[in-house]
Amino acid sequence: MSAAALAAPPRFRGRMPLLRFLRTLRDSSVATYGEEMFEQAVVERRVLWQRYLIVNAPRGIERVLLGNAGNYVKSRVARRLIEPGIGRGLLTSEGDAWRRQRRIMAPAFDHRSLVSYAPVMTEATAALLARWDRLADGAPLDIAAEMMRLTLQIIARTMFSTDADGIGPIVEEAVGRYQREVRPGLLDLLNLPDWWPRPTTRPRSHIFDRLDAVIDRLVNREGAAAGESKDLLARLLEARDAETGHGMDARELRDQVVTIFMAGHETTAQALTWTWYLLSQHPAEEDKFHAEIDRVLSGRTPRFEDLAELRYARMVLEESMRLYPPAHTMSREALAEDEIEGHRVTKGSVVSIVPWLIHRHRLLWDRPDVFDPARFAPERTAARPRFAYIPFGGGPRICIGAGFAMTEALVILAMLGQRYRLRLAPGAAVEPVGLITLRPRHGLPMLLERR
Ligand code: HEM
């Protein structure tokens, strides 16, 4: 079919006036999506002259992330939001630089590494439990903040062999302020060239000044102890370009470290937060979850080998990431014209893949808004199109930390679920907001109940 004969994607019918759209987008991007998004495989939105396409069908998503991935680079719109803070790390780099970085980092995420991280994960979770045990039964806690602190500690210890006690609050502050302050403005959405002056990009990097100073210290310390450790930082320091023999410069190192800190803790913390929320609302599934933990572990600390036996817990986690995908939207830019599901994609279009939508698609999921972990039973998963469920993305840019995240989340769910039931605090309002990640707007106030 010739490009000219291709149907133009339908416009988003629930179109909001531009100002309302921008206000809504800055508050919570997921609130800009409407039911009509489910009616078409590709939906077009325009912000003035910039074309945005939302691809909302598994085959179309597969084309963007895998089949024709070479045509879709991370969009300037997304990079402009992320790069002022985390720089050009694995998450945002492209081409040869990306391939090289991915090759260097891959061993830190392989099976052997994951096995070696499990005891670090159990130790950090045990320390959290010891703190919880000192609180009275029924003590109120913000579980979102608790999960964030725990996953931050784990990423610092596993990847950088450092204790998060000093660095933790600094990273936490940087992430929190970044998510609050960095909201897309109209000029960001218009996909103007990088040299175009944009007032919104001005003040962002100062949020990271304190973090940069801490990372400098970390890199210098590790540099001095070269050869002793095999953590991710050591790998980054040792890496040499095959052609030039040069290592990473200070800026590159800093960007990789910040990327791993940022990408490596908040998403997992949000997945855990939503899981505790969902379990608290579904007592029958919660009972089943507890019963499995008790049967598999008989009260002892989980080992890596036990995690494969925690089948129901894994299904709960998967279902939680279906309903509340921490990475709710991925964004690409078309380098050249293409066709997706019969729709024409012009060069320069921004193409969004939205787990928040595809995971609740009316035609792909039975009772899509209902929490039902059983839908992740292996035979039901096998019967679904592969790209209907993409919490970790797909294709070559799939999350490098997916195995790490699943291991960590299962360890934490098992150990906390072994000892506690978490109850939603009375009167708590839980509302998802789509910033860079999907967070509960007011945190997650819960009460601890000893089992
Ligand atoms: C539940 C937890 C997590 C979720 C839902 C998640 C989700 C994602 C998604 C959707 C992408 C693809 C983005 C895109 O294609 O535009 C991604 C990429 C990435 N993630 Fe994760 N992630 C999680 C945990 C982690 C962890 C634990 C780490 C590191 C320790 C990590 C590091 C990264 C990096 C470095 C990339 C970029 C990979 C590349 O482009 O080659 N993530 N993640």
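Guide: Axes are lines fitted to C-alpha atoms, for helices over the stretch in contact, and angles run from 0 to 180 degrees between N-to-C directions. The model is predicted, so local features need pLDDT of at least 70 and side-chain atom pairs 80 or more, while totals for chains, interfaces and linings use all residues. Residues are numbered from 1 along each chain, and side-chain values use heavy atoms, without hydrogens or water.

Visitor: How are H6 and H17 placed relative to each other?

Guide: Helices (DSSP runs of H or I, at least four residues) and strands (E, at least two) are numbered from the N terminus. The axes of H6, residues 143-160, and H17 come within 12 Å and cross at roughly 130°. Angles under 35 degrees count as roughly parallel, over 145 as roughly antiparallel, 65 to 115 as roughly perpendicular and the rest as oblique. H6 and H17 are therefore oblique.

Visitor: Which residues of H17 make the contact with H6?

Guide: Contact means heavy atoms within 4.5 Å. On the H6 side it involves Met147, Leu150, Thr151, Ile154, Ile155, Thr158 and Met159. From H17 come Phe404, Glu408, Ile412 and Leu416.

Visitor: How many residues in the contact of H5 with H17 are nonpolar, polar and charged?

Guide: H5 (residues 111-133) packs on H17 (residues 402-419) at about 35°, with the axes 9 Å apart. H5 contributes residues including Leu114, Tyr117, Met121 and Trp132, and H17 contributes Phe404, Val411, Ile412 and Arg419, among them. Ala, Val, Leu, Ile, Met, Phe, Trp, Tyr, Cys and Pro count as nonpolar, Asp, Glu, Lys and Arg as charged, the others as polar. The contact of H5 with H17 has 12 nonpolar, 4 polar and 3 charged.

Visitor: How far is the polar side-chain atom of Arg102 from an oxygen atom of the ligand?

Guide: Arg332 places a side-chain N or O atom 2.7 Å from a ligand oxygen. Arg397 likewise has a side-chain N or O atom 2.7 Å from a ligand oxygen. For the polar side-chain atom of Arg102, the value is 2.6 Å.

Methods. A polar contact is a pair of N or O atoms within 3.5 Å; within protein, one must be able to donate a hydrogen and the other to accept it, and residues adjacent in sequence count only if both atoms are side-chain atoms.
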